Amino acid sequence: MTESWGRFKSFEGMTFKKLDAKFTKKVSELIGGQDLTACFQCAKCSGGCPVSDKVNIQIHEVMRMLLFGLEEVLETDMIWLCTTCYTCQERCPQGIDITDILFGLKNMAYRKGIAPPGYVAAAQGLYNNGRLYEPTDWEREDLELDDVPEFDINDVKKLLDKTRLLKLQEEE
Ligand code: SF4
Ligand code: SF4
């Protein structure tokens with residue numbers, strides 16, 4: 001078991017409160033109503049996933065949890081460690097939009113306040129400062145780049161407001 005983020009780290013000894021068909025339907029609606037029962041657990045998605053050795057719960061296991069309507073899936077590390085490389089989606093023989101599901105699950109988890117604190121702080125920092133990292137002129141000089149360009153933070157905020165970056169928690 002890796003020491004990554006997420007309360008749900010293993011299936012061992014787990015009992016689940018309920019199998020929620022409504023949750024399965026809600027997730028299916030994220031990808032235009034695709035039938036999640038099409039997943040036959042071949043694990044080809046996990047076979048090509050670049051973070052498969054970093055996560056406790058593999059992407060094909062996420063798919064199985066979704067099929068069973070297990071909302072605990074929102075507490076798995078796979079959702080946040082996914083690099084959104086789309087390899088799983090490209091490899092799935094059943095044509096399931098797996099990566100797009102993960103985008104939706106991230107939003108669902110965030111709305112419920114289940115997100116790594118570092119991600120939340122990064123989102124706030126991006127909104128406040130318009131960048132995640134403050135580059136210095138001397139670093140850019142070393143790379144033979146021009147000085148850090150000026151920008152209007154209000155333009156950045158306007159842009160981020162349109163993405164609803166900080167609003168997700170207020171919606172359901
Ligand atoms: S590759 Fe597709 S069919 Fe195979 S386990 Fe993953 S989601 Fe299911
Ligand atoms: S999109 Fe995410 S889950 Fe799919 S292969 Fe890439 S890292 Fe793994």
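1. From the N terminus on, the elements of the chain run α-α-α-α-α-α-α-α-α, which comes to nine helices and zero strands. Helices (H or I, at least four residues) and strands (E, at least two) are DSSP runs, numbered from the N terminus. This is a predicted model, in which local features need pLDDT of at least 70 and side-chain atom pairs count only at pLDDT 80 or more, while totals for chains, interfaces and linings use all residues. Residues are numbered from 1 along each chain as its sequence is written, chains are lettered from A and ligands numbered from 1 in the order in which they are written, and side-chain values use heavy atoms, with hydrogens and water left out.

2. On overall dimensions, the C-alpha trace of the chain spans about 55 × 35 × 30 Å along its principal axes. The chain has 172 residues, of which 35% are buried; buried means under 20% relative accessible area, exposed over 50%, and partly exposed in between (1.4 Å probe, protein chains only). Contact means heavy atoms within 4.5 Å. Of the contacts between residues at least 6 apart in sequence, 67% join residues at least 24 apart.

3. Ligand 1 is surrounded by 13 residues, the closest being C39, C42, A43, C45 and C92; a residue is counted as near a molecule or strand if one of its heavy atoms lies within 4 Å of it. Helices α2 (44-48) and α3 (59-67) each supply at least two residues of this shell. By class, the shell around ligand 1 holds nine nonpolar, three polar and one charged residue. The classes are as follows: Ala, Val, Leu, Ile, Met, Phe, Trp, Tyr, Cys and Pro count as nonpolar, Asp, Glu, Lys and Arg as charged, and the others, Gly among them, as polar.

4. Ligand 2 also has 13 residues around it, and C49, C82, C85, Y86 and C88 come nearest. The elements that give two or more residues to this shell are α5 (87-91) and α6 (98-111). The shell around ligand 2 divides into nine nonpolar and four polar residues, with no charged residues.

5. The loop between α1 and α2 deserves attention. C42, one of the residues closest to ligand 1, is found in this loop. C42 has a relative accessible area of 42% and is therefore partly exposed. Its C-alpha atom is separated by 48 Å from that of N154, 112 residues away along the chain.

6. Q41 is found in the loop between α1 and α2 and has a positive phi of about 60° although it is not a glycine. Q41 counts as partly exposed because its relative accessibility is 24%. Leaving aside neighbours within four places in sequence, Q41 is in contact with H60, M63 and R64. The C-alpha atoms of Q41 and I101, 60 residues apart along the chain, are separated by 16 Å.

7. In α3, the buried residues are I59, H60, V62, M63, M65 and L66. The elements that cover them include α1 (21-30), α2, α4 (78-81) and α6. Just after α3, G69 takes a positive phi of about 70°.

8. G69 is also among the residues that line the second largest pocket, together with K17, K18, D20, E71, E72, L74, E75, K112 and I114. The lining divides into two nonpolar, one polar and seven charged residues. On a 1 Å grid over the protein atoms alone, a pocket is an open set of points where a 1.4 Å probe fits, with protein on both sides within 12 Å along at least five of seven lines, and lining residues have an atom within 4 Å of a point. The space in this pocket is about 200 Å³, where grid points are joined across faces, edges and corners and a volume is the space filled by probe spheres set on the points.

9. Helix α7 (residues 117-129) has 13 residues and reaches 18 Å from its first C-alpha to its last, close to the 18 Å expected at 1.5 Å a residue; the expected span is 1.5 Å times one less than the number of residues. Its buried residues are A123, G125 and Y127, and what covers them includes α9 (153-163). G130, which follows α7, has a positive phi near 80°.

10. E144 lies in the loop between α8 (137-142) and α9. E144 is not a glycine, although its phi is positive, about 60°. E144 counts as exposed because its relative accessibility is 73%.
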